[in-house]
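Let's take a walk through a protein together.

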Amino acid sequence: MKSEFGQYVGRVAPTPTGYMHLGHACTFLEAQRRARAAGGKLLLRIEDLDQARCKAEFVDALEEDLAWAGLRWEPEVLRQSERLSWFREALGRLREAGAVYPCSCSRKDVAEAIRAPHVEGQEPVYPGTCRERRFVFETEADALAINWRFRVPDGEAIAFVDGRMGEQRFVAGEDFGDFLVWRKDGFPSYELAVVADDLAQGVTEVVRGEDLLASTARQLLLYRALGEKAPDFFHCPLILDTEGRRLAKRAGSLGLRELRARGVPPSELERLALKS
């Protein structure tokens, strides 16, 4: 779990589309504990690529709320919205490797093409409509104005050992299909942006919620296609509300702002998480 320079590097990477809640705090505090236990450092990255939903007020609030919760990070904060040239470079490397292909399918096209059932809440397996299509682009701008998908190795088992959940295994082409790495609006997908920035920042362990466990298999394929070593992974349990639902950023009484306003001390956060 150390970088080439021998130091553990962890990160927390909130998305400023709403206010932070108890689940965020518990995951991020676990990331901090692991970084401190390893004698390493913790970075803060703002994943603000969703231009329609990410707002400056949420960025200011998340830094304030996470600091109140007891989180401490390195002074330099990275913002993904300022790094589009880096993401274009990463896409270029994947194109040169032949690992991705352009795709003109809309979400509606994909939904109508798929007849096989899939797990509710997860992206259905892409049917490969554009896998063998030939696209000709007159300019690089044209090439960046279309979706790009990663060509998964159908039937290959992607296995890894999670720091908390142990051995994991996902089959490419069955548990997930060809996934987006670039969107036609000129922005990278979550998968590509996360991998590119974890590489750029020298992250040695990714600590995040277990709802992103399947994303790890996709991201391991990206690391391999880029010829890079993947970090270790540690997926934390999700904090659920009293009805057993995953917390959302509209978490109400379990939002950090609301807890702070009620006079709840930060030392009580994880006890509250166990009760929720």
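**A tour of the fold**

Of the 276 residues in the protein chain, 48% count as buried, where buried means under 20% relative accessible area, exposed over 50%, and partly exposed in between (1.4 Å probe, protein chains only). Before going on, note that this is a predicted model: local features need pLDDT of at least 70, side-chain atom pairs count only at pLDDT 80 or more, and totals for chains, interfaces and linings use all residues. Residues are numbered from 1 along each chain as its sequence is written, and side-chain values use heavy atoms, with hydrogens and water left out.

The chain has nine helices and 10 strands; helices (H or I, at least four residues) and strands (E, at least two) are DSSP runs, numbered from the N terminus. Now for contacts, meaning heavy atoms within 4.5 Å. Take those between residues at least 6 apart in sequence: 77% of them join residues at least 24 apart.

Next, find the open sheet of three strands, ordered E1-E2-E3 with parallel pairing. Two strands pair if DSSP finds at least two bridges between them. Strand E1 (9-12) and strand E3 (77-79) are the edge strands, each pairing on one side only. Strand E2 (residues 41-46) pairs with E3 in the parallel sense over three bridges, and Arg45 stands opposite Leu78 in E3. Across E1 and E2 lies helix H1 (residues 22-37), running at about 150° to E2. For such angles, axes are lines fitted to C-alpha atoms, for helices over the stretch in contact, and angles run from 0 to 180 degrees between N-to-C directions.

What about the inside? In soluble globular proteins, nonpolar side chains tend to be buried together. A nonpolar core here is a set of buried Ala, Val, Leu, Ile, Met, Phe, Trp, Tyr and Cys residues joined through side-chain atoms within 4.5 Å. The largest one has 40 residues, and Leu91, Trp148 and Phe150 are among those with the most contacts inside it. Helix H7 (213-226) is one of the elements that give it two or more residues, and H7 supplies the largest share, eight residues. Leaving out residues up to four places away in sequence, Phe150 touches Val100, Val181 and Leu222, among others. There's also a second, separate core of 29 residues, which includes Leu29 and Trp68.
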